[in-house]
Amino acid sequence: MLLRLLLISTATALLPSLSLAPANANQEMNEGDFLDLVDAKGNVTVQGNGVSGVNAKANAQGLNLPALGYWSPERHCFVIPPPGPCNGVFEGVRN
């Protein structure tokens, strides 16, 4: 009985860390992690000029903010003013 309780407690503590965490609002994701989100069923990719442009386009499309993640090859999504395109992945569920 005690072993079972310990096993359940351990599993409960570890399971949330195994799920996808929301994006850090001030940091780009690694390319591989971002591409995993892009490939996930139901997610929508939006491109804009910097993170503010991505969020504005996603909001205009009725997508839920914040994004699941942001990424650009040049790592400049969060540079202000944004020097170029940034990509964001959003849940496909619309408001």
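Analyst: This is a predicted model, and the answers below take the labels in turn.

User: Why is the link between Cys77 and Cys86 called a disulfide?

Analyst: The sulfur atoms of Cys77 and Cys86 are 1.9 Å apart. The cut-off for a disulfide is within 2.5 Å, so the pair qualifies as a disulfide. By this rule the count comes to 1 disulfide.

User: What makes the disulfide of Cys77 and Cys86 right-handed?

Analyst: The torsion about its S-S bond is about 100°, so the disulfide is right-handed.

User: How do you know whether Cys77 is buried or exposed?

Analyst: Cys77 has a relative accessible area of 1%. Buried means under 20%, so Cys77 is buried. Cys86, with a relative accessible area of 0%, is buried by that cut-off.

User: Which residues make up the largest nonpolar core?

Analyst: There are 11 residues in this core, among them Cys77, Cys86, Val44, Val46 and Phe90. Strand 1, helix 3 (50-60) and strand 3 each give two or more residues to this core, and helix 3 gives the most, with 3 residues. A second, separate core has 6 residues, including Leu37, Leu68, Trp71 and Val89.

User: Why are strand 1 and strand 3 called paired?

Analyst: Pairing needs at least two bridges. Strand 1 and strand 3 (residues 85-91) have 7 bridges in the antiparallel sense, so they count as paired. Thr45 has Val89 in strand 3 as its bridge partner.

User: Which face of strand 1 holds Thr45?

Analyst: Thr45 is on the uncovered face, with Asn43, Gln47 and Asn49. The covered face of strand 1 has Val44, Val46 and Gly48.

Key: Residues numbered from 1 in each chain as written. Predicted model: local features only at pLDDT ≥ 70, side-chain atom pairs only at ≥ 80, totals over all residues. Heavy atoms only, no water. Buried < 20%, exposed > 50% of the residue type's maximum accessible area, 1.4 Å probe, protein only. Helix = DSSP H or I, 4+ residues; strand = E, 2+ residues; numbered from the N terminus. Core = buried A, V, L, I, M, F, W, Y, C linked by side-chain atoms within 4.5 Å.
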